[in-house]
Amino acid sequence: MLNIILFGPPGAGKGTQSERLIEKYGLVHLSTGDIFRANIKGETELGKLAKSYMDKGQLVPDEVTINMLRSEVEKQADPKGFIFDGFPRTNAQAKALDELLNDMGTEISIMLALEVEENELKERLKKRAEVSGRVDDADPAIIENRIKVYDAETAPVKDFYQGQGKYVGIDGIGSIDEITSRLNEAIMAI
Ligand code: B4P
């Protein structure tokens, strides 16, 4: 199986690039952000809980996120592989993902980390706010908080995969096509 983690700060292009990679490699796309947003739209209990964190730019608690991800993975019959987009975001999530894949007789193939500097991230999210209707994109203070949470809780996840020799940094600045080519090159080199 080909199991890819697409990693990076909010606005780095994870969602945008995932759409292209799933098509090319026939992978299952699991975006925890998208799943939470679908639950918010459907007004489920999970959605109500997730919204109370997301609207403030905080992470949804690990236990809730891990259980949700596990059930989404286990739903798939005979997958060719997965793209994990926006997961793991903490070391506890990374450990849980390793255990889950291990139980399935597989593992993470590569972590592709999109590297984009902070001012560019803020610009992209501000632009997206005009069309997304996302509360967490609309307020500069919330964007600031998302980046702060990323630096404190999510960035250290890089070390977890670097320790396994699976981390590859990708320049996330440039056209969407250029960045897709860089990602494809890294996947071909696995
Ligand atoms: P996500 O949905 O993952 O939010 P995100 O990080 O902002 O999305 P993404 O970063 O994928 O957007 P993209 O780069 O594609 O999470 C939202 C919230 O959910 C979190 O804050 C948290 O509260 C919660 N959550 C999710 N997962 C969780 C977890 N595992 N644990 C706990 N909580 C969790 O796009 C950004 C914009 O840039 C787009 O408008 C795009 O058009 C533009 N763009 C992309 N590539 C570009 C390029 N090359 N040049 C210019 N613009 C570009």
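At what angle do helix 4 and helix 5 pack, and how far apart are their axes? In this predicted model, local features need pLDDT of at least 70 and side-chain atom pairs count only at pLDDT 80 or more, whereas totals for chains, interfaces and linings use all residues. Residues are numbered from 1 along each chain as its sequence is written, and side-chain values use heavy atoms, with hydrogens and water left out.

Two packed helices are described by the angle between their axes and the distance between the axes. Helix 4 and helix 5 pack at about 25 degrees with axes 10 Å apart; axes are lines fitted to C-alpha atoms, for helices over the stretch in contact, and angles run from 0 to 180 degrees between N-to-C directions. Helices (H or I, at least four residues) and strands (E, at least two) are DSSP runs numbered from the N terminus. Helix 4 and helix 5 are therefore roughly parallel to each other (angles under 35 degrees count as roughly parallel, over 145 as roughly antiparallel, 65 to 115 as roughly perpendicular and the rest as oblique). The crossing of helix 4 past helix 5 is right-handed, the near helix being turned clockwise from the far one by less than a right angle. Contact, meaning heavy atoms within 4.5 Å, involves Asp62, Thr65, Ile66, Leu69, Arg70, Val73 and Glu74 of helix 4 and Ala92, Gln93, Ala96, Leu97 and Leu100 of helix 5. By class, these comprise seven nonpolar, two polar and three charged residues (Ala, Val, Leu, Ile, Met, Phe, Trp, Tyr, Cys and Pro count as nonpolar, Asp, Glu, Lys and Arg as charged, and the others, Gly among them, as polar).

The axes of helix 6 (residues 118–132) and helix 8 (residues 140–154) come within 11 Å and cross at roughly 135 degrees. That makes helix 6 oblique to helix 8. Contact is made by Glu118, Leu121, Lys122, Leu125, Lys126 and Arg128 of helix 6 with Ile143, Glu144, Arg146 and Ile147 of helix 8. Four nonpolar, no polar and six charged residues take part in this contact.

Grid points are joined across faces, edges and corners, and a volume is the space filled by probe spheres set on the points. One cavity of 30 Å³ or more was counted. The largest cavity holds about 40 Å³ and is lined by Ile66, Leu69, Arg70, Phe87, Ala96, Leu97 and Leu100. Helix 4 (62–75) and helix 5 (91–103) each give two or more residues to this lining.

The largest pocket has a volume of about 900 Å³. Of its 48 lining residues, Pro10, Lys14, Arg89, Arg134 and Arg146 lie nearest the centre. The lining has 18 nonpolar, 19 polar and 11 charged residues. The second largest pocket contains about 170 Å³, and its lining includes Arg37, Lys51, Asp55 and Arg134.

Two backbone features lie in loops. The peptide bond from Phe87 to Pro88 is cis, with omega near 0 degrees, and Pro88 is in the loop between strand 3 (81–85) and helix 5. Glu43, in the loop between helix 2 and helix 3, has a positive phi, near 55 degrees.

Methods
On a 1 Å grid over the protein atoms alone, a cavity is a set of points where a 1.4 Å probe fits but cannot get out, and a pocket is an open set with protein on both sides within 12 Å along at least five of seven lines; lining residues have an atom within 4 Å of a point.
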